[in-house]
Amino acid sequence: MLRARADALKLDAKARKDVARWYSAVAAYGQAPNDDAARIYADAVYETLAAGIDAAGVRVAPRAVQPDRGAYADEPRMLAAATDYAGALWKAASPSNYAVSSRPASDKIDRIIVHVTQGSYAGTISWFQNSAAKVSAHYVVRSSDGQITQMVREKDRAWHAGNSDYNRRSVGIEHEGYVGDASWFTEQMYRASAALTRDIADRHGIPKDRTHIIGHVQVPGSDHTDPGSYWNWTKYMSYVTGGGNPHSPEEVCGSGFRVNDSQGLGTAGTVYLLYNGSTGANCVATMKATSLGTATATSAFLEVQGRTRVTDSGNFGYYAGPVRATAAGTCVKWGGRAGSTSYESPFEHCR
């Protein structure tokens, strides 16, 4: 089938020997519903080629290729004037299922909420168009190929969170499938949804971390469990951040902590000191920036003046910590290591 695509594109014998020239054939092979989805598919293939493969008994050495995108070289185009995201189709939800608003003027958008439909893509779209539903989401993502349909404008409040405050402040993304079946969460779905989430975050100034990109299960008062244990948050967030650390120091330390100080550890990472104003607690986390997902030596420590130093040290994929201690009115020494670089502060931040 792939060869037939190449023949249709008139790739001659010489061109077929150049892996970069196969991009358009690969994009067509994915049978995506539009050019934007085809680009996502082909880019994923070439990213896999560059990373190499070692899975299910198949091993392929990494081979970086700068693809010749041909007709796909142009930036993704707007598929419908009504969409906020250029890669989306437009099918309006029933006006009975959302609240017309003027966000972000009326309410700041600072959250993106990930949902799973517990049903089919087409069925979910149909339900959101049914005036009896009284529910909706801004976007729906298809499992098989990552096709995205927008149903509510981002300026309006979709009813998806089960929490009025979170409906006001968030954009909701539904993903076709079932929480108990991992097979629905395809590579194409992850990549298409992550590209959407990244675009929303960039346009609204939303930090790309797990404090601001959350599952329905994390909404206060929610009785939902989606996206469930089979949703691969680490993979998803790595795609959202473009390969950066999918975790944040605030997420590692927990609710109420805010960054108070930080120190770069060369190119290997950054160590952060956070403080919780409500409890008087400090927290240290070392966030890796390289060798992400690979267990390498990383550490974080916190020492309250007059007490024994507490250290979290080992081989970690993304971060070391959290190391927490209450130190109201007392100075602290903090620091950590990532790669070959370490940092140790003097006693400071005396509160």
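Me: Why is the disulfide of Cys253 and Cys283 called left-handed?

Reply: In this predicted model, the torsion about the S-S bond of Cys253 and Cys283 is about -85°, so the link is left-handed. The other link, that of Cys331 and Cys350, has 105° about its S-S bond and is right-handed.

Me: How do you know that Cys253 and Cys283 are joined by a disulfide?

Reply: The sulfur atoms of Cys253 and Cys283 lie 2.1 Å apart, and a pair of cysteine sulfur atoms counts as a disulfide if the two are within 2.5 Å; the pair therefore qualifies. Cys253 belongs to helix H9 (residues 249-253) and Cys283 to strand S13 (residues 281-288), so the bond ties together parts that are 30 residues apart in sequence. Both Cys253 and Cys283 are buried.

Me: What makes Cys331 and Cys350 a disulfide, and where in the chain do these two cysteines lie?

Reply: Their sulfur atoms are 1.8 Å apart, which is within the 2.5 Å that a disulfide requires. Cys331 is in the loop between S16 and strand S17 (332-338), whereas Cys350 is in the segment after strand S18 (341-344), so that the pair, 19 residues apart, links distant parts of the chain. The structure holds two disulfides, and with bonded cysteines counted along the chain they follow the pattern 1-2, 3-4.

Me: Why is Cys331 called buried, and why does Cys350 count as partly exposed?

Reply: A residue is buried under 20% relative accessible area and exposed over 50%, with partly exposed in between. Cys331 has a relative accessible area of 15%, so it is buried. Cys350 has 47% relative accessibility and therefore counts as partly exposed.

Me: What makes strand S13 largely enclosed by the rest of the structure?

Reply: Eight of the eight residues of S13 are buried, so the strand is largely enclosed. The covering applies to both faces, with Ala281, Cys283, Ala285 and Met287 buried on one side and Asn282, Val284, Thr286 and Lys288 buried on the other.

Me: How do you know which strands S13 pairs with, and in what sense?

Reply: Two strands pair if at least two bridges are found between them. Eight bridges join S12 to S13, which run antiparallel, and six bridges join S13 to S16, again in the antiparallel sense; both pairings therefore meet the cut-off. Lys288 of S13 is the bridge partner of Gly269, while Thr286 stands opposite Ala320 in S16. S12 and S13 form a hairpin with four residues between them, and Gly280 in the turn has a positive phi of about 75°.

Me: What makes S11 and S16 the edge strands of their sheet?

Reply: The open sheet has four strands in the order S11-S12-S13-S16, with antiparallel pairing. Strand S11 (257-264) and strand S16 (319-326) are its edge strands, since each pairs on one side only. The twist averages 20° from one strand to the next. S11 pairs with strand S12 (residues 269-276) over seven bridges in the antiparallel sense, and Tyr272 in S12 is the bridge partner of Ser262.

Me: Why is the ring pair of Tyr190 and Trp231 called tilted, and why is that of Trp231 and Trp233 called edge-to-face?

Reply: Rings pair if their centres lie within 6.5 Å, and planes under 30 degrees apart count as stacked, over 60 as edge-to-face and the rest as tilted. The rings of Tyr190 and Trp231 have centres 4.8 Å apart and planes at 55°, so this pair is tilted. Tyr190 is in helix H7 (residues 187-204) and Trp231 in the loop between strand S10 (213-215) and helix H8 (233-240), so the pair ties together parts that are 41 residues apart in sequence. For Trp231 and Trp233, the centres are 6.2 Å apart and the planes at 70°, so this pair is edge-to-face. Tyr190 and Trp231 are both buried, and both Trp231 and Trp233 are buried as well. Ring pairs link Phe185, Tyr190, Trp231, Trp233 and Tyr236 into a cluster.

Me: What makes H7 a mostly covered helix, and what span does H7 reach?

Reply: Of its 18 residues, 13 are buried. H7 reaches 26 Å from its first C-alpha to its last, close to the 26 Å expected at 1.5 Å a residue. Gly205, whose phi is positive, near 70°, follows H7.

Key: Residues are numbered from 1 along each chain as its sequence is written. This is a predicted model: local features need pLDDT of at least 70, side-chain atom pairs count only at pLDDT 80 or more; totals for chains, interfaces and linings use all residues. Side-chain values use heavy atoms; hydrogens and water are left out. Axes are lines fitted to C-alpha atoms, for helices over the stretch in contact, and angles run from 0 to 180 degrees between N-to-C directions. Rings of Phe, Tyr and Trp (its six-membered ring) pair if their centres lie within 6.5 Å; planes under 30 degrees apart count as stacked, over 60 as edge-to-face and the rest as tilted. Buried means under 20% relative accessible area, exposed over 50%, partly exposed in between (1.4 Å probe, protein chains only). The expected span of a helix is 1.5 Å times one less than its number of residues.
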